[in-house]
Amino acid sequence: MTTKTKLIAGNWKMNGSLAGNAALIEILREHIGRPASEVVVCVPAPYLQQVQGLLAGSPIDLGAQDVSAEPQGAFTGEHSAAMLKDFGVRYVIVGHSERRKYHRETDEEVAAKTAAALSHGITPIVCVGETLQQRDAGRTAEVVKRQLAAVIHVNGHCISEIVVAYEPIWAIGTGQTAAPEQAQAVHALLRAQLHHAASEHAAGIRILYGGSMNATNAADLLAQPDIDGGLIGGASLVAPNFLQIIAAAR
Ligand code: PEP
């Protein structure tokens, strides 16, 4: 059993509005108290400045949902790690399955984005996970281990600087959560891989679970020995639900 502080990360995806963000953060601030876990909200890039202001003085950190591997230049539509840093971003999601799918991001690109974030002192939350087809074909271990291997040896950085998120693709936004034991089994595999790569750091690296985590199932998932927090999509947009998940993380 690991004793590190859990991390509860909300992924707003492409949701939000100036008024909606203000209302959501106001409720979170009012009720969050002193959370036992670290809490971060990963917001759409256009709202970074607004949400940075809304979170000032609160226990909630600011996160982003993607980062360019490039430092600057002719990359229309992209945003660099330095730009995220300008807005006080502490965490950035990289390699989310929606980016791997819709933007054809490869393991190599995910590794390059991980390196870009690390070089600016931003903690990458690196997502790994299998499709239902891959799970049914018995390929879960092979897929997640390949995805994790791509970021384990990022030049000049220690693996202890990253957060891993296991997100079975079949559980994202579907309402179909991995059973706690099912998720734990994959988390244990990932922990063993981290241990093999860097035995002195493996126990301290946070491995989050993501995939339809909600107020009802969070406590059981978070009680698993190798589940060190959650990456939460839909439920992070509804203040009472997100607050219940935060309360479940001890
Ligand atoms: C996610 O977007 O990373 C996610 C886990 O979404 P949801 O919680 O909605 O399944």
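This is a predicted model: local features need pLDDT of at least 70, side-chain atom pairs count only at pLDDT 80 or more; totals for chains, interfaces and linings use all residues.
1. Leaving aside neighbours within four places in sequence, Val41 is in contact with Gly10, Trp12, Ile25, Val51, Leu55, Ile60, Asp61, Leu62, Gly63 and Phe242.

2. Val41 belongs to the largest nonpolar core, which has 63 residues. Val41, Val51, Leu190 and Tyr209 are the residues with the most contacts inside that core. Helix α10 (residues 239-248) supplies the largest share of this core, namely five residues. There is also a second, separate core of twelve residues, and Ala9, Val40, Cys42 and Leu208 are among its members.

3. Strand β3 deserves attention next. Five of the five residues of β3 are buried, so the strand is largely enclosed by the rest of the structure. In a regular strand the side chains alternate between the two faces of the sheet. Both faces of β3 are covered: Ile60, Leu62 and Ala64 are buried on one side, and Asp61 and Gly63 are buried on the other.

4. On one pairing, strand β2 (residues 38-42) runs parallel to β3, with four bridges between them. Cys42 has Gly63 of β3 as its bridge partner. Between these two strands the chain passes through helix α2 (residues 48-55), and this β-α-β crossover is right-handed.

5. β3 also pairs with strand β4 (residues 91-94), again in the parallel sense, over two bridges. Here Ala64 stands opposite Val92 of β4. The chain reaches β4 from β3 by way of α3, and this β-α-β crossover is likewise right-handed.

6. Which residues does Lys113 touch, not counting those up to four places away in sequence? They are Asp66, Val67, Ser68, Ala69, Val94, Arg99 and Glu105. Lys113 lies in helix α5 (residues 107-119) and is buried, with a relative accessible area of 7%.

7. Side chains of opposite charge can pair when their charged atoms come close. Lys113 and Asp66 meet through their side chains in a salt bridge of 2.8 Å, N to O. Lys113 lies in helix α5 and Asp66 in the loop between β3 (60-64) and α3 (81-86), so the pair ties together parts that are 47 residues apart in sequence. Asp66 is itself buried, with a relative accessible area of 8%. Lys113 also forms a salt bridge with Glu105, where the closest N and O atoms are 2.7 Å apart; both Lys113 and Glu105 are buried.

8. Glu105 has a further partner, Arg99, and their side chains meet in a salt bridge of 2.7 Å, N to O. Glu105 and Arg99 are both buried. The whole structure holds 15 salt bridges. Elsewhere, Lys4, Arg191, Asp226 and Asp228 are linked in a network of salt bridges.

9. How far apart are the end C-alpha atoms of helix α7 (residues 140-152)? They are 18 Å apart, which agrees with the 18 Å that its 13 residues should span at 1.5 Å a residue. The buried residues of α7 are Thr140, Val143, Val144, Gln147, Leu148, Val151 and Ile152. An α-helix has 3.6 residues a turn, so residues three or four places apart point the same way. The buried residues of α7 pack against α4 (97-102), α5, β5 (123-128), α6 (132-136), β6 (163-166) and α8 (180-197).

10. The loop between α4 and α5 contains Thr106, which is partly exposed, with a relative accessible area of 34%. The C-alpha atoms of Thr106 and Ala150 are separated by 9.6 Å, although the two residues are 44 residues apart along the chain.

11. Arg104 has a positive phi of about 50 degrees although it is not a glycine. Arg104 lies in the loop between α4 and α5 and counts as exposed at 64% relative accessibility. Ser212 also has a positive phi, near 55 degrees, in a residue other than glycine. Ser212 lies in the loop between β7 (207-210) and α9 (218-222), and at 19% relative accessibility Ser212 counts as buried.

Technical notes:
Residues are numbered from 1 along each chain as its sequence is written. Side-chain values use heavy atoms; hydrogens and water are left out. A nonpolar core is a set of buried Ala, Val, Leu, Ile, Met, Phe, Trp, Tyr and Cys residues joined through side-chain atoms within 4.5 Å. Buried means under 20% relative accessible area, exposed over 50%, partly exposed in between (1.4 Å probe, protein chains only). Contact means heavy atoms within 4.5 Å. A salt bridge is a side-chain nitrogen of Lys or Arg within 4 Å of a carboxyl oxygen of Asp or Glu. Two strands pair if DSSP finds at least two bridges between them. A crossover is right-handed if, with the strands pointing away from the viewer, the path from the first strand over the helix to the second runs clockwise. The expected span of a helix is 1.5 Å times one less than its number of residues.
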